[in-house]
Amino acid sequence: MLIQHTPDVYEKLSLLGGMAGDDVLAPATNTGSGKASRTPYSRDKRQPIPGVYRAAMPNGKFINLLRVMFTDFCMMDCAYCPNSTYVPRKRYAFKVDELARLFMELHQRHSVAGLFLSSGIAGSGSKTTERLIQVVETIRNKYGFRGYVHMKVMPGAERQYVEAAYRLGTRLSINVETPTPEMMRRISPHKDLEKDILAPMGWIDELTRQGTGGAVGQVTQMVVGAADETDRDIFQRVDQLYTDWNLKRVYYSAFRPVRHIPLEEHPATPPMREHRLYQMDWLKRVYQFSNQEIGLAFDRSGFLSLEQDPKTAIAVENLDAFPVDVNAASREQLLRVPGVGPTSVQRILDNRRQHSIDTWHDLQAMGVVRTRAGPFLAFPGQRPPPGKQLRLELFGEDARQKQRELQPQPAAGTLSARPGVTGAPCGQASSCTGCAMYGAPGHPGPGR
Ligand code: SF4
(Lines give C-alpha, C1' and ligand atoms only; values in the text may rest on other atoms or scores of the structure.)
Protein backbone atom coordinates (compact mmCIF):
# COMPACT_ATOMS: atom_id res chain seq x y z
CA MET A 1 0.00 0.00 0.00
CA LEU A 2 1.37 3.42 -0.95
CA ILE A 3 1.24 5.87 1.95
CA GLN A 4 1.55 9.46 0.79
CA HIS A 5 2.89 11.97 3.27
CA THR A 6 1.16 15.34 3.23
CA PRO A 7 3.40 17.97 4.77
CA ASP A 8 1.93 20.01 7.60
CA VAL A 9 2.21 23.77 7.71
CA TYR A 10 5.52 23.72 9.62
CA GLU A 11 7.12 21.38 7.11
CA LYS A 12 5.94 23.70 4.35
CA LEU A 13 7.50 26.59 6.21
CA SER A 14 10.72 24.66 6.43
CA LEU A 15 10.70 24.22 2.63
CA LEU A 16 9.17 27.45 1.37
CA GLY A 17 10.75 29.70 3.99
CA GLY A 18 14.16 28.34 3.01
CA MET A 19 13.42 28.98 -0.70
CA ALA A 20 12.63 32.63 -0.05
CA GLY A 21 16.08 32.99 1.50
CA ASP A 22 17.45 32.98 -2.06
CA ASP A 23 15.60 36.21 -2.82
CA VAL A 24 17.85 39.19 -2.28
CA LEU A 25 15.19 41.90 -2.33
CA ALA A 26 15.25 42.51 1.41
CA PRO A 27 18.75 42.83 2.90
CA ALA A 28 18.66 40.36 5.71
CA THR A 29 20.53 37.87 7.77
CA ASN A 30 19.06 34.71 9.13
CA THR A 31 18.39 34.83 12.83
CA GLY A 32 19.60 31.30 13.03
CA SER A 33 22.37 29.36 11.43
CA GLY A 34 22.75 31.03 8.06
CA LYS A 35 21.13 31.79 4.73
CA ALA A 36 20.50 28.23 3.61
CA SER A 37 17.85 27.76 6.20
CA ARG A 38 16.74 24.16 6.06
CA THR A 39 16.53 23.72 9.79
CA PRO A 40 13.21 22.12 10.72
CA TYR A 41 10.75 24.38 12.42
CA SER A 42 10.76 24.04 16.17
CA ARG A 43 8.58 25.50 18.86
CA ASP A 44 11.69 25.70 21.00
CA LYS A 45 12.68 29.35 20.91
CA ARG A 46 16.39 28.50 20.90
CA GLN A 47 16.01 26.81 17.52
CA PRO A 48 16.12 29.00 14.40
CA ILE A 49 12.87 29.25 12.49
CA PRO A 50 13.14 28.72 8.72
CA GLY A 51 12.30 31.84 6.77
CA VAL A 52 12.82 34.21 9.70
CA TYR A 53 15.46 36.81 8.93
CA ARG A 54 16.66 39.97 10.53
CA ALA A 55 15.98 42.68 7.98
CA ALA A 56 16.75 46.40 7.68
CA MET A 57 13.62 48.47 7.27
CA PRO A 58 13.35 51.63 5.15
CA ASN A 59 13.58 53.69 8.36
CA GLY A 60 16.90 52.03 9.25
CA LYS A 61 15.49 49.89 12.07
CA PHE A 62 15.87 46.11 12.11
CA ILE A 63 12.98 43.71 12.52
CA ASN A 64 12.48 39.98 12.25
CA LEU A 65 10.83 39.27 8.93
CA LEU A 66 9.12 36.10 7.76
CA ARG A 67 10.34 35.61 4.16
CA VAL A 68 8.29 32.90 2.57
CA MET A 69 7.05 31.73 -0.82
CA PHE A 70 3.36 31.01 -1.22
CA THR A 71 4.38 28.22 -3.58
CA ASP A 72 7.62 27.11 -5.23
CA PHE A 73 5.67 25.74 -8.18
CA CYS A 74 6.23 27.86 -11.29
CA MET A 75 4.90 27.37 -14.78
CA MET A 76 7.61 29.60 -16.29
CA ASP A 77 10.79 28.54 -18.06
CA CYS A 78 13.31 31.14 -16.97
CA ALA A 79 16.63 29.56 -17.88
CA TYR A 80 18.43 30.76 -14.73
CA CYS A 81 15.86 29.93 -12.06
CA PRO A 82 15.84 26.96 -9.66
CA ASN A 83 12.03 27.20 -9.51
CA SER A 84 11.51 26.95 -13.28
CA THR A 85 9.72 24.06 -14.95
CA TYR A 86 13.08 22.57 -15.92
CA VAL A 87 13.89 21.43 -12.39
CA PRO A 88 12.23 18.10 -11.53
CA ARG A 89 11.36 18.15 -7.87
CA LYS A 90 8.31 18.02 -5.71
CA ARG A 91 6.66 21.40 -5.23
CA TYR A 92 4.68 22.70 -2.30
CA ALA A 93 2.05 25.35 -1.72
CA PHE A 94 0.36 26.90 1.29
CA LYS A 95 -3.35 27.46 1.52
CA VAL A 96 -4.31 31.08 2.03
CA ASP A 97 -5.68 30.58 5.56
CA GLU A 98 -2.87 28.37 6.81
CA LEU A 99 -0.17 30.83 5.75
CA ALA A 100 -2.06 33.76 7.29
CA ARG A 101 -2.56 31.81 10.55
CA LEU A 102 1.08 30.69 10.61
CA PHE A 103 2.29 34.26 10.20
CA MET A 104 0.02 35.49 12.99
CA GLU A 105 1.14 32.68 15.27
CA LEU A 106 4.78 33.68 14.75
CA HIS A 107 3.85 37.33 15.20
CA GLN A 108 2.00 36.68 18.46
CA ARG A 109 5.04 34.76 19.75
CA HIS A 110 7.15 37.86 18.90
CA SER A 111 9.20 35.75 16.47
CA VAL A 112 8.43 38.06 13.54
CA ALA A 113 7.25 41.65 13.10
CA GLY A 114 6.78 41.70 9.33
CA LEU A 115 6.16 39.61 6.23
CA PHE A 116 7.98 39.29 2.89
CA LEU A 117 5.69 37.33 0.60
CA SER A 118 6.84 35.90 -2.70
CA SER A 119 5.78 33.07 -5.03
CA GLY A 120 6.34 31.15 -8.23
CA ILE A 121 3.72 31.69 -10.91
CA ALA A 122 0.88 29.18 -10.70
CA GLY A 123 -1.88 29.62 -13.28
CA SER A 124 -1.07 33.19 -14.29
CA GLY A 125 0.52 36.34 -12.92
CA SER A 126 -2.91 37.72 -12.00
CA LYS A 127 -4.09 34.51 -10.32
CA THR A 128 -0.94 34.20 -8.22
CA THR A 129 -0.99 37.87 -7.24
CA GLU A 130 -4.63 37.39 -6.22
CA ARG A 131 -3.59 34.56 -3.86
CA LEU A 132 -0.93 36.75 -2.27
CA ILE A 133 -3.50 39.52 -1.90
CA GLN A 134 -5.86 37.09 -0.13
CA VAL A 135 -3.13 36.17 2.36
CA VAL A 136 -2.41 39.81 3.13
CA GLU A 137 -6.12 40.69 3.24
CA THR A 138 -6.61 37.93 5.81
CA ILE A 139 -3.81 39.07 8.10
CA ARG A 140 -4.87 42.72 7.75
CA ASN A 141 -8.68 42.42 7.94
CA LYS A 142 -9.29 39.23 9.88
CA TYR A 143 -6.35 39.43 12.30
CA GLY A 144 -5.84 43.20 12.36
CA PHE A 145 -2.10 43.16 11.53
CA ARG A 146 -0.96 46.70 10.65
CA GLY A 147 2.80 46.11 10.35
CA TYR A 148 5.27 45.78 7.49
CA VAL A 149 4.30 43.64 4.49
CA HIS A 150 6.48 43.41 1.38
CA MET A 151 4.50 41.82 -1.46
CA LYS A 152 5.76 40.57 -4.77
CA VAL A 153 3.54 41.44 -7.71
CA MET A 154 3.83 38.67 -10.27
CA PRO A 155 4.89 39.42 -13.86
CA GLY A 156 1.81 39.77 -16.05
CA ALA A 157 -0.56 40.81 -13.22
CA GLU A 158 -3.48 42.89 -14.45
CA ARG A 159 -4.01 46.41 -13.18
CA GLN A 160 -6.85 45.59 -10.76
CA TYR A 161 -4.54 43.19 -8.86
CA VAL A 162 -1.71 45.69 -8.84
CA GLU A 163 -4.09 48.26 -7.33
CA ALA A 164 -5.28 45.82 -4.66
CA ALA A 165 -1.68 44.92 -3.77
CA TYR A 166 -0.85 48.62 -3.58
CA ARG A 167 -3.65 49.21 -1.07
CA LEU A 168 -2.54 46.34 1.19
CA GLY A 169 1.25 46.23 1.01
CA THR A 170 3.82 48.42 2.70
CA ARG A 171 6.27 47.86 -0.11
CA LEU A 172 5.84 46.20 -3.53
CA SER A 173 8.28 44.65 -5.95
CA ILE A 174 8.35 43.12 -9.40
CA ASN A 175 11.62 41.58 -10.51
CA VAL A 176 13.00 43.15 -13.70
CA GLU A 177 15.78 40.52 -13.87
CA THR A 178 17.28 41.45 -17.29
CA PRO A 179 18.07 44.85 -18.79
CA THR A 180 16.53 44.58 -22.27
CA PRO A 181 13.47 42.94 -23.88
CA GLU A 182 15.75 41.00 -26.23
CA MET A 183 17.74 39.50 -23.34
CA MET A 184 14.54 38.60 -21.54
CA ARG A 185 13.21 36.80 -24.62
CA ARG A 186 16.44 34.81 -24.64
CA ILE A 187 16.46 33.65 -21.03
CA SER A 188 12.76 33.95 -20.05
CA PRO A 189 10.94 33.21 -23.31
CA HIS A 190 7.47 33.48 -21.79
CA LYS A 191 7.94 36.84 -20.14
CA ASP A 192 7.61 40.14 -21.97
CA LEU A 193 9.71 42.80 -20.26
CA GLU A 194 7.60 45.75 -21.45
CA LYS A 195 4.14 44.27 -21.06
CA ASP A 196 4.50 41.92 -18.09
CA ILE A 197 7.00 43.79 -15.93
CA LEU A 198 7.56 47.43 -16.86
CA ALA A 199 3.83 48.16 -17.37
CA PRO A 200 2.83 47.02 -13.82
CA MET A 201 5.82 48.94 -12.44
CA GLY A 202 4.50 52.04 -14.21
CA TRP A 203 1.07 51.52 -12.59
CA ILE A 204 2.64 51.27 -9.14
CA ASP A 205 4.52 54.49 -9.80
CA GLU A 206 1.30 56.18 -10.95
CA LEU A 207 -0.51 55.08 -7.77
CA THR A 208 2.41 56.22 -5.60
CA ARG A 209 2.40 59.65 -7.24
CA GLN A 210 -1.35 60.00 -6.72
CA GLY A 211 -0.62 59.51 -3.02
CA THR A 212 -3.95 57.91 -2.26
CA GLY A 213 -2.49 55.92 0.66
CA GLY A 214 -0.95 52.54 0.13
CA ALA A 215 2.49 51.06 -0.43
CA VAL A 216 5.26 53.58 0.15
CA GLY A 217 7.33 52.53 -2.82
CA GLN A 218 8.64 49.77 -4.99
CA VAL A 219 11.95 47.96 -5.38
CA THR A 220 13.23 45.45 -7.91
CA GLN A 221 15.93 42.88 -8.54
CA MET A 222 18.36 42.29 -11.41
CA VAL A 223 19.97 38.91 -12.03
CA VAL A 224 23.64 39.52 -12.85
CA GLY A 225 25.41 37.48 -15.51
CA ALA A 226 22.67 35.13 -16.72
CA ALA A 227 21.97 36.96 -19.99
CA ASP A 228 25.63 37.75 -20.77
CA GLU A 229 24.76 41.38 -20.33
CA THR A 230 27.40 43.97 -19.48
CA ASP A 231 27.45 46.04 -16.32
CA ARG A 232 26.70 49.05 -18.50
CA ASP A 233 23.56 47.32 -19.85
CA ILE A 234 22.40 46.71 -16.29
CA PHE A 235 23.16 50.20 -15.17
CA GLN A 236 21.40 51.84 -18.10
CA ARG A 237 18.23 50.03 -17.08
CA VAL A 238 18.80 50.86 -13.43
CA ASP A 239 19.21 54.53 -14.28
CA GLN A 240 15.89 54.51 -16.13
CA LEU A 241 14.16 52.84 -13.18
CA TYR A 242 15.50 55.34 -10.64
CA THR A 243 14.85 58.33 -12.88
CA ASP A 244 11.43 57.50 -14.30
CA TRP A 245 9.85 55.65 -11.42
CA ASN A 246 11.68 56.84 -8.36
CA LEU A 247 12.44 53.30 -7.23
CA LYS A 248 13.48 52.94 -3.60
CA ARG A 249 16.15 50.35 -4.28
CA VAL A 250 17.48 48.01 -6.94
CA TYR A 251 18.96 44.74 -5.68
CA TYR A 252 21.50 42.65 -7.59
CA SER A 253 21.75 38.89 -7.50
CA ALA A 254 24.78 37.11 -8.96
CA PHE A 255 23.73 34.21 -11.18
CA ARG A 256 24.48 30.75 -9.75
CA PRO A 257 23.96 27.69 -11.93
CA VAL A 258 21.94 24.79 -10.53
CA ARG A 259 21.33 21.32 -11.89
CA HIS A 260 18.78 20.80 -14.68
CA ILE A 261 18.37 24.42 -15.76
CA PRO A 262 19.44 25.31 -19.35
CA LEU A 263 22.22 27.49 -17.92
CA GLU A 264 23.59 24.63 -15.84
CA GLU A 265 26.96 24.88 -17.62
CA HIS A 266 27.04 28.66 -17.63
CA PRO A 267 29.75 29.98 -15.28
CA ALA A 268 28.65 31.45 -11.98
CA THR A 269 28.92 35.21 -11.68
CA PRO A 270 31.72 36.26 -9.32
CA PRO A 271 30.25 37.72 -6.12
CA MET A 272 32.59 40.69 -6.58
CA ARG A 273 30.69 41.70 -9.73
CA GLU A 274 27.49 41.87 -7.71
CA HIS A 275 29.35 43.87 -5.05
CA ARG A 276 30.65 46.38 -7.62
CA LEU A 277 27.12 46.95 -8.89
CA TYR A 278 25.96 47.67 -5.34
CA GLN A 279 28.81 50.19 -5.04
CA MET A 280 27.74 51.85 -8.30
CA ASP A 281 24.16 51.92 -7.09
CA TRP A 282 25.34 53.67 -3.94
CA LEU A 283 27.22 56.28 -6.00
CA LYS A 284 24.09 57.00 -8.00
CA ARG A 285 21.51 56.95 -5.23
CA VAL A 286 23.34 58.30 -2.19
CA TYR A 287 26.28 60.28 -3.62
CA GLN A 288 24.19 61.45 -6.58
CA PHE A 289 26.96 61.07 -9.15
CA SER A 290 25.93 62.33 -12.59
CA ASN A 291 25.46 59.91 -15.48
CA GLN A 292 28.60 61.32 -17.07
CA GLU A 293 30.64 60.44 -13.96
CA ILE A 294 29.01 57.01 -13.69
CA GLY A 295 30.00 56.35 -17.32
CA LEU A 296 33.69 56.75 -16.43
CA ALA A 297 33.62 53.63 -14.25
CA PHE A 298 33.06 51.19 -17.14
CA ASP A 299 35.87 49.81 -19.27
CA ARG A 300 35.66 49.70 -23.06
CA SER A 301 33.69 46.49 -23.05
CA GLY A 302 31.15 47.90 -20.59
CA PHE A 303 32.27 46.14 -17.41
CA LEU A 304 33.32 47.42 -14.00
CA SER A 305 36.75 46.54 -12.71
CA LEU A 306 36.71 43.67 -10.23
CA GLU A 307 40.01 44.87 -8.76
CA GLN A 308 39.24 48.55 -8.27
CA ASP A 309 36.11 49.99 -6.69
CA PRO A 310 34.08 52.25 -9.02
CA LYS A 311 34.56 55.41 -6.98
CA THR A 312 38.33 55.12 -7.29
CA ALA A 313 38.01 54.18 -10.98
CA ILE A 314 35.95 57.35 -11.61
CA ALA A 315 38.40 59.52 -9.65
CA VAL A 316 41.37 58.12 -11.58
CA GLU A 317 39.62 58.89 -14.88
CA ASN A 318 38.94 62.40 -13.63
CA LEU A 319 42.33 63.30 -12.14
CA ASP A 320 42.20 66.94 -13.16
CA ALA A 321 39.59 67.42 -10.43
CA PHE A 322 42.07 66.27 -7.72
CA PRO A 323 43.53 66.66 -5.23
CA VAL A 324 40.93 68.75 -3.43
CA ASP A 325 41.75 71.01 -0.50
CA VAL A 326 40.40 69.45 2.71
CA ASN A 327 39.67 72.89 4.13
CA ALA A 328 38.09 74.52 1.10
CA ALA A 329 36.42 71.80 -0.97
CA SER A 330 32.64 71.76 -1.28
CA ARG A 331 30.52 68.88 0.03
CA GLU A 332 30.17 67.56 -3.55
CA GLN A 333 33.94 67.64 -4.13
CA LEU A 334 34.64 65.82 -0.87
CA LEU A 335 32.02 63.20 -1.66
CA ARG A 336 33.93 62.34 -4.81
CA VAL A 337 37.12 61.49 -2.92
CA PRO A 338 37.62 57.70 -2.57
CA GLY A 339 37.61 56.63 1.06
CA VAL A 340 35.42 59.54 2.15
CA GLY A 341 31.74 58.79 2.82
CA PRO A 342 28.79 61.07 3.61
CA THR A 343 29.32 60.78 7.38
CA SER A 344 33.01 61.69 7.09
CA VAL A 345 32.15 64.62 4.81
CA GLN A 346 29.73 65.96 7.40
CA ARG A 347 32.39 65.62 10.11
CA ILE A 348 34.95 67.44 7.96
CA LEU A 349 32.49 70.27 7.30
CA ASP A 350 31.57 70.52 11.02
CA ASN A 351 35.19 70.48 12.18
CA ARG A 352 36.57 72.95 9.71
CA ARG A 353 34.01 75.55 10.81
CA GLN A 354 35.98 75.69 14.05
CA HIS A 355 39.56 75.21 12.86
CA SER A 356 41.59 74.13 9.91
CA ILE A 357 42.20 70.42 9.41
CA ASP A 358 45.92 69.84 9.06
CA THR A 359 46.75 66.18 9.52
CA TRP A 360 45.82 62.69 8.48
CA HIS A 361 45.22 61.84 12.11
CA ASP A 362 42.47 64.45 12.21
CA LEU A 363 40.91 62.99 9.07
CA GLN A 364 41.20 59.38 10.19
CA ALA A 365 39.45 60.32 13.41
CA MET A 366 36.58 61.52 11.21
CA GLY A 367 36.36 58.16 9.46
CA VAL A 368 38.40 58.92 6.31
CA VAL A 369 40.25 55.88 4.93
CA ARG A 370 43.76 57.19 4.38
CA THR A 371 44.94 54.40 2.11
CA ARG A 372 42.20 55.25 -0.38
CA ALA A 373 41.84 59.00 0.08
CA GLY A 374 45.58 59.76 0.33
CA PRO A 375 46.34 60.83 -3.24
CA PHE A 376 43.13 62.79 -3.65
CA LEU A 377 43.26 65.22 -0.71
CA ALA A 378 45.56 68.18 -0.04
CA PHE A 379 46.35 69.97 3.23
CA PRO A 380 47.18 73.62 3.96
CA GLY A 381 50.58 74.63 2.69
CA GLN A 382 50.80 71.63 0.43
CA ARG A 383 50.92 72.60 -3.22
CA PRO A 384 48.48 70.28 -4.99
CA PRO A 385 50.23 68.47 -7.84
CA PRO A 386 48.58 68.93 -11.24
CA GLY A 387 46.64 66.02 -12.71
CA LYS A 388 49.56 64.51 -14.60
CA GLN A 389 51.84 64.61 -11.59
CA LEU A 390 49.07 63.08 -9.48
CA ARG A 391 48.76 60.24 -11.96
CA LEU A 392 52.48 59.55 -11.53
CA GLU A 393 52.09 59.60 -7.77
CA LEU A 394 49.11 57.31 -7.89
CA PHE A 395 50.71 54.72 -10.06
CA GLY A 396 54.36 55.18 -9.23
CA GLU A 397 56.04 52.49 -7.13
CA ASP A 398 56.79 54.84 -4.30
CA ALA A 399 53.35 56.46 -4.27
CA ARG A 400 52.39 55.45 -0.77
CA GLN A 401 55.78 56.29 0.71
CA LYS A 402 55.55 59.73 -0.92
CA GLN A 403 52.15 60.29 0.65
CA ARG A 404 53.54 59.53 4.07
CA GLU A 405 56.39 61.97 3.57
CA LEU A 406 54.06 64.71 2.40
CA GLN A 407 51.80 64.69 5.41
CA PRO A 408 52.74 66.19 8.79
CA GLN A 409 52.59 63.64 11.61
CA PRO A 410 51.22 64.30 15.12
CA ALA A 411 53.60 64.32 18.06
CA ALA A 412 54.11 60.91 19.64
CA GLY A 413 51.61 60.05 22.37
CA THR A 414 48.96 62.56 21.30
CA LEU A 415 45.54 61.54 20.12
CA SER A 416 45.43 64.16 17.47
CA ALA A 417 47.76 66.83 16.21
CA ARG A 418 44.94 69.28 16.73
CA PRO A 419 43.16 69.31 20.07
CA GLY A 420 39.44 69.71 19.83
CA VAL A 421 38.87 67.46 16.83
CA THR A 422 35.36 66.24 17.37
CA GLY A 423 35.56 63.24 15.06
CA ALA A 424 34.09 59.95 16.07
CA PRO A 425 36.16 56.78 16.21
CA CYS A 426 37.25 55.60 12.80
CA GLY A 427 35.00 52.58 12.58
CA GLN A 428 37.60 50.68 10.54
CA ALA A 429 37.83 47.66 12.75
CA SER A 430 40.68 46.10 10.82
CA SER A 431 42.83 49.23 10.96
CA CYS A 432 41.65 50.45 14.30
CA THR A 433 45.04 50.51 16.00
CA GLY A 434 46.09 53.15 13.50
CA CYS A 435 43.22 55.42 14.40
CA ALA A 436 44.03 58.62 16.24
CA MET A 437 41.31 57.89 18.77
CA TYR A 438 42.58 54.43 19.60
CA GLY A 439 43.03 54.06 23.33
CA ALA A 440 41.10 57.24 24.12
CA PRO A 441 38.42 57.05 26.81
CA GLY A 442 35.18 55.94 25.23
CA HIS A 443 36.81 54.57 22.10
CA PRO A 444 35.57 51.04 21.63
CA GLY A 445 38.90 49.77 20.33
CA PRO A 446 39.44 47.17 17.65
CA GLY A 447 37.06 44.50 16.55
CA ARG A 448 33.83 46.49 16.74
S1 SF4 B 1 8.81 33.46 -13.13
FE2 SF4 B 1 10.13 33.78 -11.37
S3 SF4 B 1 9.94 31.91 -10.14
FE4 SF4 B 1 9.13 31.46 -12.15
S5 SF4 B 1 10.83 30.56 -13.28
FE6 SF4 B 1 10.83 32.75 -13.76
S7 SF4 B 1 12.20 33.68 -12.23
FE8 SF4 B 1 11.67 31.60 -11.49
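A nonpolar core here means a set of buried Ala, Val, Leu, Ile, Met, Phe, Trp, Tyr and Cys residues joined through C-beta atoms within 7 Å. Keep in mind that this is a predicted model.

With that in hand, the largest nonpolar core has 98 residues. Leu66, Tyr80, Leu117, Val136 and Ala165 are the ones with the most contacts inside it. Where does the core sit? Domain 1 (9-212) and domain 2 (318-434) both give residues to the core, so it lies between them. As a general point, nonpolar side chains in soluble globular proteins tend to be buried together.

| Residue | Residues it touches |
|---|---|
| Ala165 | Thr129, Ile133, Met151, Val153 and Leu172 |
| Tyr86 | Asp77, His260, Ile261 and Pro262 |

Tyr86 is found in the loop between strand 3 (62-69) and helix 2 (96-108). Is Tyr86 buried, partly exposed or exposed? Tyr86 counts as partly exposed because it has 18 C-beta neighbours inside 10 Å, while being buried takes 20 or more. Its C-alpha atom is 9.8 Å from that of Cys74, a residue 12 places away along the chain.

Cys74 also turns up around the ligand, together with Met76, Cys78, Cys81, Asn83, Ser84, Gly120, Ile121 and Ser188. That shell splits into five nonpolar and four polar residues, with no charged ones.

Methods
Residues numbered from 1 in each chain as written. Predicted model: local features only at pLDDT ≥ 70, side-chain atom pairs only at ≥ 80, totals over all residues. Helix = DSSP H or I, 4+ residues; strand = E, 2+ residues; numbered from the N terminus. Buried ≥ 20, exposed ≤ 12 C-beta atoms within 10 Å, placed from the backbone. Contact = placed C-beta atoms within 7 Å. Domains from an automatic or database assignment. Near = placed C-beta within 6 Å. Nonpolar A, V, L, I, M, F, W, Y, C, P; charged D, E, K, R; others polar. Lists of a residue's contacts leave out its neighbours within four places in sequence.
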